[in-house]
Protein chains: 2
Amino acid sequence: MLIWRVNLENGKLQREKIPEAWSRLGGRGLLARIMLDEVPPRCEPLGPLNRLLFSPGLLVGHMLSSCDRISVGGKSPLTGGIKEANAGGTTGLQMACLGIRALVLEDQVAASGHAKTDWRVLHVSAGGARLEPCADLAGLGVAEAADKLLRRYGDKVALALIGPAGEMGLWAAGIQNLDKDRTPSRIAARGGLGAVMGSKGLKAIVFDAAGCGKPPIADPDAFKEAQKIFSRNLVDHPQTGLYRDYGTAAMALTCNALGGLPTRAFSSGRFEGAEAISGEHLREELLARGGASNPTHACMPGCAIRCSNHFGDGEGRSVVTPLEYETIGLMGSNLGIADLDTIARMNAVVNDLGLDTIDLGAALGVACRAGLMAFGDGERALQLLDEIRRGTPLGRVLGHGAAMTGKVLGVLQVPVVKGQAMSAYEPRAIKGTGVTYATSPQGADHTAGNTVRAKCDHLDPSVQAALSRAAQISMAGYDTLGACIFAGFGFAVAPEVVPALLHARYGWDVLPDILQALGKETLAMEREFNKRAGFTPAHDRLPEWMTREQLPPHNSVFDVSEDDLDGVFDW
Amino acid sequence: MLIWRVNLENGKLQREKIPEAWSRLGGRGLLARIMLDEVPPRCEPLGPLNRLLFSPGLLVGHMLSSCDRISVGGKSPLTGGIKEANAGGTTGLQMACLGIRALVLEDQVAASGHAKTDWRVLHVSAGGARLEPCADLAGLGVAEAADKLLRRYGDKVALALIGPAGEMGLWAAGIQNLDKDRTPSRIAARGGLGAVMGSKGLKAIVFDAAGCGKPPIADPDAFKEAQKIFSRNLVDHPQTGLYRDYGTAAMALTCNALGGLPTRAFSSGRFEGAEAISGEHLREELLARGGASNPTHACMPGCAIRCSNHFGDGEGRSVVTPLEYETIGLMGSNLGIADLDTIARMNAVVNDLGLDTIDLGAALGVACRAGLMAFGDGERALQLLDEIRRGTPLGRVLGHGAAMTGKVLGVLQVPVVKGQAMSAYEPRAIKGTGVTYATSPQGADHTAGNTVRAKCDHLDPSVQAALSRAAQISMAGYDTLGACIFAGFGFAVAPEVVPALLHARYGWDVLPDILQALGKETLAMEREFNKRAGFTPAHDRLPEWMTREQLPPHNSVFDVSEDDLDGVFDW
């Protein structure tokens with residue numbers, strides 16, 4: 001197992017054996033370890049002391065269904081804390097095939113701003129690594145840049161790249177990765193890691209695993225056996241079929257029924273246009289349109305769930321892939337827009353800019369509250385997104401996300417924690433996810449521990465801390481394995497599969513509760529980093545207005561006790 | 001001694017006897033006590049749970065030279081911590097004559113934004129208090145609004161009012177007060193308390209002490225005796241004469257000689273145009289111009305120092321009063337502008353908007369680094385200030401101060417601590433003041449403990465923490481007395497005067513080191529509030545770039561040790 005270190009200031013590229021202390025970790029867990037070991041917690045996120053880290057999870061490399069995710073990390077300009085954002089696609093797989101457990105990007109050329117000629121591409125293959133100038137890609141959208149990169153480096157490579165938003169250092173900028181069909185659509189979206197990549201003058205990273213086989217497996221038969229059980233459990237799980245048919249958009253009607261679908265800038269939890277933006281309607285439309293449209297698509301090779309989709313315009317042209325629930329919630333109901341075509345167009349623009357649709361949707365909601373846009377006015381939303389591409393002051397404000405937009409425009413009702421926007425689960429109606437938003441070291445993030453599928457009264461404040469605790473531990477574990485949030489459907493049925501897979505893959509002696517152990521270790525490291533960065537329990541709170549302003553239709557407020565919030569990590 | 005409580009939500013106005021626990025405090029110390037007792041430390045600064053507080057210091061009301069200052073407080077939208085900003089003028093004096101030790105403004109009508117008809121004036125007199133609508137004042141600049149208020153309520157009243165910036169909720173908005181000649185020019189500038197006032201829908205407060213005498217004195221003869229000693233020491237002090245002749249602008253050449261005059265966005269400590277913006281040149285000009293110009297002016301009745309001035313255009317018209325060193329540093333050398341007339345015009349605009357010239361000057365410096373303005377281009381600076389008046393997105397960004405401007409525009413080299421801009425003492429050249437910037441609960445603020453006059457090597461990091469500690473304690477003490485920073489010239493020579501005055505005024509048994517005791521008590525309360533609000537030692541630091549980027553001409557960095565910073569409050 002290798003580590004690649006690339007210094008963007010002096011151009012030094014080093015291949016190293018992975019240190020012993022890091023060798024049992026991968027993905028989110030390894031990123032937390034590296035952050036604690038190498039990044040000064042109080043450093044300026046867009047300055048030279050921050051590092052940008054890539055690491056595939058422990059199980060990546062074997063096309064185990066939904067288990068080839070890439071974790072990207074660093075100190076977040078958005079939250080000021082530790083950040084891990086992960087994505088599907090092919091980046092993790094190719095890194096694993098190259099034997100790279102982590103890529104560590106250090107330092108930067110200039111403290112702020114880059115000339116066109118400063119931009120570079122990092123190319124990593126079995127033969128070595130090199131930095132190459134790419135002035136021709138500067139300022140290009142993600143789609144065009146990816147297209148040029150694939151022509152230049154061959155269409156078998158994996159790419160991680162930023163759009164204009166990352167180049168501009170905008171705090172809601174993510175890092176786009178190719179899906180298995182080479183579309184740059186799998187974004188490590190949250191927390192502004194695209195801005196960190198931009199601050200290092202890096203437009204793209206090319207991983208070329210040509211000539212490399214899959215990573216070695218200590219006990220192939222045992223691995224195959226465990227894989228079989230996992231795959232069967234996954235395929236048999238009722239949720240898997242739901243997500244295959246409707247994608248993540250299946251959540252729209254579920255959340256609406258719970259009164260937890262963010263509507264009109266988080267002023268209601270129920271949207272009168274929910275049907276029109278539902279997964280059911282989406283599937284119907286895509287089936288009817290045919291052509292470029294497809295309701296079922298795998299983002300990475302070997303995925304049995306296939307929750308992704310292709311949204312076409314009905315005249316043969318592709319608009320965006322995938323159209324996901326979070327985008328539908330934040331750019332649809334949250335903006336009072338009940339039209340999937342409009343949402344898809346906005347999604348495409350935001351993807352091409354290389355931005356997080358969640359934070360951007362929330363920011364546009366704040367802009368609605370500030371009077372810059374009327375709810376439901378998709379054309380105006382597209383104009384506002386164009387301000388970002390043009391780099392105007394307003395565009396920069398929006399591109400920094402919802403928290404910044406609220407501060408600049410003087411709107412207090414902003415749905416953020418630690419500066420990061422909430423996803424499409426209203427925390428006053430789905431309070432366990434609210435506990436996760438409040439306490440996760442990542443800031444508000446449903447993938448850090450969503451409780452929406454728990455069988456409980458989601459309005460009852462007394463039961464939520466325990467739900468969030470369990471979900472946060474599991475998710476930190478899955479993120480360390482490189483497993484998708486939905487892989488949990490397969491693992492949960494037969495928890496012995498996780499230790500079995502790790503033992504078979506690495507030959508390690510693994511405890512039966514390894515998933516929880518990895519999750520707890522990861523969360524503890526992340527919390528330690530944040531503590532050193534200056535975070536306290538005062539930061540583990542939902543915004544004040546959500547504890548006071550009632551959310552229709554249940555007229556509920558967020559009322560999980562502060563004691564419960566402070567006890568989430570007492571396990 | 002009274003407390004007035006005014007609830008801006010339900011319009012309730014209550015006169016109360018001061019609680020025993022508050023009765024021995026005034027000014028900054030009392031504000032800290034009230035904040036700890038009544039304001040949830042994690043509350044949204046512009047939301048209903050924050051309070052806006054006014055309190056004259058303990059010695060206010062007797063026209064003791066330089067000792068009639070008003071302290072304004074609340075939780076700062078700029079720093080997120082406790083805030084006290086004080087000002088000269090007549091507000092403190094009239095409050096003291098009315099027997100009011102504190103005015104507590106609670107709650108608000110709306111969470112954000114006010115209709116024109118929502119704006120109100122609070123009128124307080126011996127007869128009672130009332131809220132009156134003032135739709136005609138909404139949106140008006142400070143000068144025009146003050147003029148209308150004086151016509152409406154009589155020209156003997158004191159005023160505390162906000163300009164358009166406070167109405168817009170901009171984080172660099174202050175609260176303007178009348179000087180003894182009824183010009184609204186004495187601003188409680190720092191930390192955005194004008195935005196807090198705006199969030200409560202209050203455009204102005206009128207204090208009418210008609211019919212009230214001076215506050216009672218327990219032992220008038222002893223008071224007079226102590227006052228005599230104080231006044232003589234003050235007048236005899238060599239610094240007093242310096243400030244009388246040159247105003248605070250006397251510091252320009254001093255700081256330039258130390259290599260600590262902020263120049264071109266804090267990229268140098270020496271300005272080639274320093275002579276042209278010096279106090280010496282200012283005095284010469286004002287004497288030559290005559291008419292509205294006057295190099296020596298008292299901001300409050302009875303002041304023996306008279307460090308204020310009137311800047312006229314040489315053709316009989318007044319431009320601004322006063323033109324102070326901080327403005328000259330931040331809007332002059334910091335912007336590469338070596339012309340007092342340009343600086344005075346900018347100062348007048350910023351005063352009328354009701355903004356802090358320090359944070360605005362620093363913000364414009366950041367705008368220069370971002371390429372929005374060329375250094376030295378005063379006309380462009382005036383255009384940018386006009387963006388604020390028009391409330392454009394860029395204007396709002398600038399009006400939120402330097403920290404916000406840096407974040408939005410992607411500039412990392414921003415001279416702020418806890419979100420508040422540094423004053424005109426470069427902390428890499430005057431490191432003791434740098435320690436104060438880093439550690440003060442107020443954020444970067446020279447008035448929290450300036451060490452520039454200390455006889456020491458200002459570049460030697462090893463001696464600065466002790467200097468800052470002593471200065472911070474004294475200043476917190478003076479701010480609790482209501483004494484101007486320059487009153488210290490008089491008190492320092494004969495420290496027994498402070499306890500003598502307090503004993504004579506109130507009949508209290510007072511310890512000989514009461515000034516230090518008040519200062520320590522105040523700082524401890526402020527730090528406790530900030531701790532509860534989520535501040536840690538991680539926040540008591542200068543920005544990272546100042547520890548790395550060398551400052552000409554000494555090529556020094558800020559290198560006071562973190563141990564020294566963490567030990568500042570270990571007394």
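**Salt bridges between chain A and chain B.** Two salt bridges, each a side-chain nitrogen of Lys or Arg within 4 Å of a carboxyl oxygen of Asp or Glu, are found across the interface of chain A and chain B. In one of them, the side chains of A:Glu562 and B:Arg42 meet at 2.4 Å, N to O. The model is predicted, with local features requiring pLDDT of at least 70 and side-chain atom pairs pLDDT 80 or more, whereas totals for chains, interfaces and linings use all residues. Residues are numbered from 1 along each chain as its sequence is written, chains are lettered from A in the order in which they are written, and side-chain values use heavy atoms, without hydrogens and water.

**The contact surface of chain A.** Contact, meaning heavy atoms within 4.5 Å, takes 33 residues from chain A and 33 residues from chain B. The area buried between the two chains, that is, the accessible area (1.4 Å probe) lost on putting them together, summed over both, is about 2700 Å², and carbon and sulfur atoms give 63% of it. Of the area that chain A buries against chain B, 23% comes from A:Arg42, A:Leu412 and A:Glu544, more than from any other three residues.

**The relation between the two copies.** Superposed by least squares on the C-alpha atoms of residues with pLDDT of at least 70 in both, chain A can be laid on chain B with an RMSD of 0.0 Å by a turn of 180° and a shift of 0.0 Å along the axis. That is the relation of a two-fold axis. The same surface serves both copies, in that 100% of the contact residues of chain A recur in chain B.
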